[in-house]
Amino acid sequence: MAYHEKHNWITENWVHVVAWRERHIGERSFVVLLSLVVGIICGFAAQLLKYLIHVIAHALTSHFSETTVNWLNLVYPVVGIFIVTILLKYMVKDNISHGVTKVLYAISRRKSRLKKKNMYSSLIASSITIGFGGSVGAEGPIVFTGAAIGSNIGKAFRMSPRILMLLVGCGAAAGIAGIFRAPIAGMLFTLEVLMIDLTGATVMPLLISSITGATVAYVLEGYNAEFFFSQSEPFQIRNIPYTLLLGIFCGLISFYFTKVMFMMESMFHRLKKKYLKIGVGGIIMAALIFLIPPLYGEGYEAINQLLEGDYSKIVDGTFFYFDRENVWMIAGFIAAIVLMKAFATSATNGAGGVGGTFAPSLFVGAMAGFLFAFFFNIIFDGAGISNKNFTLLGMAGVMSGVMHAPLMAIFLTAEMTGGYDLFLPLLIVSTLSYMTIKVFLPYSIYTMRLAKEGDLITHEKDKAVLTLLKVENVIERDFKSVSPDMNLKEVVDIIAKSHRNLFPVVDKDGTLLGIVLLDDIRNIMFRTDLYKKMHVSRFMSMPPAKIEVNMPMENVMHLFDKTHAWNLPVVNNGKYVGFVSKSKIFNSYRRVLKHYCDD
């Protein structure tokens, strides 16, 4: 059977399968079933990603010395970037960086539709990037992968955009749950970061996908937590003031981390040549990883060392190995890690690597929490602050601040480490960190890019529905245009054929010059003595405002409120496109609101 015949045979039979499903299985029941399937597939995808990263990293670094510097740290990360660049240019042919941001954009602007190749492209590219030492995390790519799996399964069964949005959330939740073995955090990620609303229709599919993804991880990896943490030192009530200070400190560190990331991103954006980006990013990344080896990859080994209380190992394989008993040297080295991680992460992504900021925020949080406790214990001898406990608290604090997701940070940290006995201080640190960074930055590291462009869906229904509306979908094009050199007689002839009382004035190039209102010429339109004397250029007027075709709908509504107009012209780089009326927007708003909120 020829390829095309086989493809057509599969397509025809699949149509029958979809039709049978629509007749025999209700939508809600089928969504629950799909959430289970998405959870299983994404759970295995998360395990495959972790396995590939581990295999590559072990093959490259298993022979590294602990007592001397390893010069290959200058080479591996750059080689990884070159491999990924070639992969993306010749095979994937797509930009797949900033995975979580792309998922948010797909939800708001693409009706939750993601490409088929996104189901594997991020998984392969990020495993190479991280395995070769790129200082990024695997969680952003697995969210992108999981969301693409959910979207494409939903598309295959012709599900509505509302259900596709839910399945995208299910895929993301299962990816997070599968890679961290943290089902509650997986669901909370979709609520706080992807901003999928928690309703009667969403809670069960999200829970099923998260639990299924985590179950796959438990079956394949065992029931141990992601990080080894044994609470040998119980939390003391007298340490609450220090906990409050740590929350504020983590908020400030989160602000620093986010600002550095965006500063570096802007710098790389200004570098137009791809190989110049690779050169600049590769030099920064390789130099930092060579001088500070804990920046290699995700850095989870360094986090485990701090949680186990064996902090002197943090300088293994560095120039500072022989001074590992010097507490001030250790403190300075960890401070350098906190300050430089954002540079290493942004250089990795800027150079062309594929990875997320999820793991880097965890890593910086662990280092910041340990540094905070370590410093106070040195300065105030006998302060009695547990380095291990504050390492764990710092993880939640910085993650909460960077991602603007305090609940997810609390439960993810507790589920990853088994540190449930620290729930009260986790609440304190995570909440204070979030409150601190909100003073400076209203949006998370993921949502800021979209918020600036007006492409961000939020939990506020009004803004969410306006975001889902597009100007191009509400443009009315049945207005008859006139030219500035037309006389009154020609205009009257056009008015006689039109059912509108508004006429755009355009030149021969299609540029909008003004408008003619029927009310403005009503007193002269029947004066035949003026038919040849009066021309459009004399009685046309300027519209109160113009709408650009790609303008966010929220900005369009602000223009209507500001001008009190009922119709406004739409232009594309000055060229006339049509008109948008307030009534058309309201009708579309009501339709989308009903569809969007339908449970």
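**Entry 1: helices α7 and α8**

I looked up how α7 passes α8 and found a right-handed crossing; a crossing is right-handed if the near helix is turned clockwise from the far one by less than a right angle, and left-handed if anticlockwise. The model is predicted, so I noted its limits: local features need pLDDT of at least 70, side-chain atom pairs count only at pLDDT 80 or more, and totals for chains, interfaces and linings use all residues. Residues are numbered from 1 along each chain as its sequence is written, and side-chain values use heavy atoms, with hydrogens and water left out.

Helix α7 covers residues 161-180 and helix α8 residues 183-192; their axes come within 7 Å and cross at roughly 145°. Axes are lines fitted to C-alpha atoms, for helices over the stretch in contact, and angles run from 0 to 180 degrees between N-to-C directions. Helices (H or I, at least four residues) and strands (E, at least two) are DSSP runs, numbered from the N terminus.

On the α7 side I listed G169, A172, A173, I176 and A177, and on the α8 side P183, A185, G186, M187, F189 and T190. Contact here means heavy atoms within 4.5 Å. I sorted the residues of this contact into eight nonpolar, three polar and no charged. Ala, Val, Leu, Ile, Met, Phe, Trp, Tyr, Cys and Pro count as nonpolar, Asp, Glu, Lys and Arg as charged, and the others, Gly among them, as polar.

**Entry 2: helices α14 and α15**

I then turned to α14 (residues 358-379) and α15 (residues 387-403), which pack at an angle of about 135° with axes 6 Å apart. The two are therefore oblique to each other; angles under 35 degrees count as roughly parallel, over 145 as roughly antiparallel, 65 to 115 as roughly perpendicular and the rest as oblique. The crossing of α14 with α15 is right-handed. Among the residues that meet are F358, L362 and F370 in α14 and F390, M395 and V402 in α15.

**Entry 3: Y218**

I found Y218 in helix α9 (residues 203-221). Y218 counts as partly exposed because its relative accessibility is 24%; buried means under 20% relative accessible area, exposed over 50%, and partly exposed in between (1.4 Å probe, protein chains only). Beyond its neighbours within four places in sequence, Y218 is in contact with R181 and Y223. F180 is 38 residues from Y218 in sequence, and their C-alpha atoms are 10.0 Å apart.

**Entry 4: the chain**

I noted 24 helices and five strands in the chain. Of its 599 residues, 57% count as buried.
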